[in-house]
Amino acid sequence: MTTISPPIPLPISSVKWRIIEPAQVNRSAWTGRRKVIGLPGAARWTATVDMQPVVGEANMLRWRGWIASLRGSINTFPLRAVERQQTTAANPYVGTGANANTTLPLTDLPLSTTVLKAGQFMTVSLPTGHKRLVCLTSDLVSNSLGNAIAAFAPELGEAPFEGAMVEIQYPYALMALNSDPSGWDVARGQLYTFMLDCEEAL
C-alpha cells in the first residue's frame, strides 16, 4: 500500500464528510433503558467527493493517470478536510504523556492565544504511519509556554510518539477508494467528470 498524492489540489465541487462510530446498543425489554458499548479506535471517516468538470482530454490526462495509480482500493491518498489554510501558526508537536484517546498534549504553539476553534481539524501522525484526522471539540488555547491540551473526536486509536508533528494548517485524512470500480465519465465536447467514494484507510 502506497500513498499517492494528487498531482495538484483536487478540483472539488462538493464533498460529504461522515464519521462512522461503531457501537452496539442493547435495550432492556423491561425498563426500556439502553446500554451502549463503543469500540475504541474503530471510528473512521468516509467521504463522497464530486469534482468540478474537466474540459478537454489534455487537462484530464493527469487525473486519469492519478486515478489509475490508486489501483482501486489498494493505494491511499490524502484528502484535505478544509477549503483553505486554517491558521498561519506553525505546525506544533506532540508533547509528553500522549495517549490513544481523545486528548493530546501539544508543544511549540504561539504563546497565550486561541490557536484553533472548536470544529476545526488536526491531522496526527501515528506510530504505524497512519495520519489520523480529528475534529476539535473545544477551542485549542495555548498557555504562556506555548503548550496546550487538544480535545477532539474521534479517538486516535494509537498513542503518537512524543515529538511527532501535528498538521494544523492543511489537515487531511488518509483515504482509500471503496470497492466500487473507479473511473471517469466523458460527455460530448470532451467534458470529463469523476468522483471519489472513499473511506479512511486505517
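For sorting residues into classes, Ala, Val, Leu, Ile, Met, Phe, Trp, Tyr, Cys and Pro count as nonpolar, Asp, Glu, Lys and Arg as charged, and the others, Gly among them, as polar. The structure is a predicted model, in which local features need pLDDT of at least 70 and side-chain atom pairs count only at pLDDT 80 or more, while totals for chains, interfaces and linings use all residues. Residues are numbered from 1 along each chain as its sequence is written, and side-chain values use heavy atoms, with hydrogens and water left out.

Pockets are a handy place to start. A 1 Å grid is laid over the protein atoms alone; a pocket is an open set of points where a 1.4 Å probe fits, with protein on both sides within 12 Å along at least five of seven lines, and lining residues have an atom within 4 Å of a point. Grid points are joined across faces, edges and corners, and the volume is the space filled by probe spheres set on the points. The second largest pocket holds about 220 Å³ of space. Its lining is made of 14 residues, and Pro181, Ser182, Gly183, Met195 and Leu196 are the ones nearest the centre. Sorted by class, that lining comes to 7 nonpolar, 4 polar and 3 charged residues. Strand β18 gives the largest share of it, 3 residues. (Strands are DSSP runs of E with at least two residues, helices are runs of H or I with at least four, and both are numbered from the N terminus.)

The largest pocket has about 530 Å³ of space. Here 22 residues form the lining, with Leu10, Ile12, Leu79, Arg80 and Val82 nearest the centre. Two or more lining residues come from each of β1 (12-20), β6 and β15 (172-177), and β1 provides the largest share, 5 residues. The class count for this lining is 14 nonpolar, 5 polar and 3 charged residues.

Next come the charged pairs. Side chains of opposite charge can pair when their charged atoms come close. Counting as a salt bridge takes a side-chain nitrogen of Lys or Arg within 4 Å of a carboxyl oxygen of Asp or Glu, and the whole structure has 3 of them. In one, Glu199 pairs with Arg44 at 3.3 Å, N to O. Glu199 sits in strand β18 (residues 195-200) and Arg44 in strand β4 (residues 44-51), so this pair ties together parts that are 155 residues apart in sequence. Both ends are partly exposed: Glu199 has a relative accessible area of 28%, and Arg44 has 26%. (Buried means under 20% relative accessible area, exposed over 50%, and partly exposed in between, using a 1.4 Å probe and protein chains only.) Glu200 forms another salt bridge, with Arg132, and their closest N and O atoms are 2.6 Å apart. This pair also links distant parts of the chain, since Glu200 belongs to strand β18 and Arg132 to strand β11 (residues 131-136), 68 residues apart. Glu200 and Arg132 are both buried. Glu57 and Arg64 also meet through their side chains, at 3.0 Å, N to O, and Glu57 is partly exposed at 34% relative accessibility.

Asn75 lies in the loop between α1 (57-70) and β6 (77-80) and is buried at 8% relative accessibility. The Asn75 side chain reaches the backbone nitrogen of Thr2 at 2.9 Å. Beyond neighbours within four places in sequence, Asn75 is in contact with Met1, Thr2, Ile4, Ser69, Leu70, Met175 and Ala176.

Arg71 is exposed, at 53% relative accessibility. Gln190 likewise has a positive phi of about 55° without being a glycine; it is found in the loop between β16 (185-187) and β17 (191-193) and is partly exposed at 40%. Finally, the peptide bond from Ala153 to Pro154 is cis, with omega near -5°, and Pro154 is found in the loop between β13 (148-153) and β14 (166-167).

Note on methods:
A polar contact is a pair of N or O atoms within 3.5 Å; within protein, one must be able to donate a hydrogen and the other to accept it, and residues adjacent in sequence count only if both atoms are side-chain atoms. Contact means heavy atoms within 4.5 Å.
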